[in-house]
Amino acid sequence: MLTVPLPDDCTPEAFRTAARKCLAQGLQPDEVIFSTSSTPSLFEEVGEESGSKLDMVVPRSFLDMMRKVLCHSASDRFALLYRLLWRIRSGERHILGNVADREAMQASRYARAVDKDVYRMHAYVRFAEREIDGKNLFVAWHEPQHRILQLAAPFFMDRFTNMDWLIATPVGTVAWDGRSLLFGPPAIRPSRTGDEVLDEVWRAYYRTTFNPARLRVKAMVAQMPKQHWATMPETAQIPELVKTASLRTKAMGEQPPDAPPRFAATLTERLAEKPHEVGDGTPLDLLRGQVQTCRSCPLYGPATQPVLGEGPLNAAIMFVGEQPGDHEDLTGKPFVGPAGQVFDRALAEVGIERSKAYVTNAVKHFKFEPRGKRRIHMKPSAGEVSKCRFWLQREIAAVKPRLIVALGATAMLGLTGRAVPVTKERGRILSSNSLSILVTVHPSYLLRLPDADLAALEYKRFVEDLRVAKRQLGTA
Ligand code: URA
């Protein structure tokens, strides 16, 4: 019999080292006792030099599960993991997926309990701001059931990267100083936690999101165990909210319905003003009808309507932009907003008549993020551009332009399926799949330049690129 002392907060690396040595010596699970007691071992420890070298590959699923089980507070966690390792080594490689296996299921229960504890720590930690040594520090007290600090801490690092914070628990502390995570010894429960302002924020948040009509007390307590209530300021009001839930539900039922979501009224009005035109049956009219039903990617959901290109069927030149913006989404026409105005001005300077050109976009729906009352443009993803190539290719096939001007990188991606460095290739005529394409920047790039001199210079370069297009049309 061999006793192997391991620390309570044993790391996966330390456990693996110890287990490998035991396995290498051929020690059966009932010949090893893993001990977390701080009293010296009565038995011989596994020495570095003892045993032969172990050559064993462990499935990744076991390693993932092991990381979690090691955090569990159960005293038999090491022995359980060693028994599973022993069996894997004896050829039972798929043991973890076997729902009829008692030991595998026990390990899976431990892993799930740890996952749940990590989730609760993420959800229930409440920071309070403190000034310590002239520096602002956000501190929180939390009481996890298991030793989960190592697993749970990266979430707080990602979420609160710009704050210096410390979470103290009875099983250890973890702090973030803007550069690294620091793990420290257990802390003693503070007599008072929280901060009045932050506490009130949490209380207000909870009151606002508490829906009396969906109250399920049992489920709520299961989700938010009472042991965490003391450190969560909002929980003090739960008994009152529960008591008044049925009255509030009744009052809610008697209230008039909520106002429809932002933009809904404007958009409905606009669309009602503009019934879809069927046209006289040219290929572009048909496309215009078909694109209304496009559901190839999720962008159609929040957008008002798809915006197909505009221009004559026999246009010699086609301009391709990125995607409709706010104005284009509402009017259903391409390049009518601020970028469209820059575009129109440059076309006029060069002497290209917009009414004789076909103007369209790589993506037909407006992708945006609502912010307050505004809709902020978001760049379409490569996947969205790729889905929309279907429409662009049909527009090209219908119009058969002699020259296409790609306004920016998204247009090039839509046209060629490849990422092309615009600044390197601009002003040159490339050929791709028997199309002649001239690349230049997108007009909205000119609007974003903060420096007036640079903006004037870049606008001139844009006009020069369009002159190349005009010359090409004259000579083709
Ligand atoms: N930007 C584009 O790429 N297309 C438009 O139609 C408007 C702005």
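1. A pocket here is an open set of points on a 1 Å grid over the protein atoms alone, with protein on both sides within 12 Å along at least five of seven lines; lining residues have an atom within 4 Å of a point. The model is predicted: local features need pLDDT of at least 70 and side-chain atom pairs pLDDT 80 or more, while totals for chains, interfaces and linings use all residues. Residues are numbered from 1 along each chain as its sequence is written, and side-chain values use heavy atoms, without hydrogens and water.

2. The space in this largest pocket comes to about 850 Å³, a volume being the space filled by probe spheres set on the points, which are joined across faces, edges and corners. Its lining has 12 nonpolar, 11 polar and seven charged residues. Ala, Val, Leu, Ile, Met, Phe, Trp, Tyr, Cys and Pro count as nonpolar, Asp, Glu, Lys and Arg as charged, and the others, Gly among them, as polar. Elements that each supply at least two lining residues include α13 (338-350), β11 (374-377) and α17 (443-448).

3. The protein chain has 18 helices and 14 strands. These are DSSP runs numbered from the N terminus, helices being H or I with at least four residues and strands E with at least two. Of the 476 residues, 43% are buried, that is, under 20% relative accessible area with a 1.4 Å probe, protein chains only.

4. Helix α4 (residues 102-124) has 23 residues and reaches 33 Å from its first C-alpha to its last, close to the 33 Å expected at 1.5 Å a residue. The expected span is 1.5 Å times one less than the number of residues. Among the buried residues of α4 are Glu103, Tyr110, Asp117 and Arg120. Their cover includes α2 (60-69), α5 (149-159) and β5 (165-169).

5. There is one cavity of 30 Å³ or more, a cavity being a set of points where a 1.4 Å probe fits but cannot get out. The largest cavity holds about 70 Å³ of space. Its lining includes Cys294, Cys297, Tyr300, Glu384, Lys387 and Trp391, and divides into seven nonpolar, two polar and two charged residues.

6. Thr231 lies in the loop between α7 and α8 (238-243). Is this residue buried or exposed? Thr231 is buried, with a relative accessible area of 10%. Its C-alpha atom is separated by 6.7 Å from that of Trp141, 90 residues apart along the chain.

Note on methods: Buried means under 20% relative accessible area, exposed over 50%, partly exposed in between (1.4 Å probe, protein chains only). Contact means heavy atoms within 4.5 Å.
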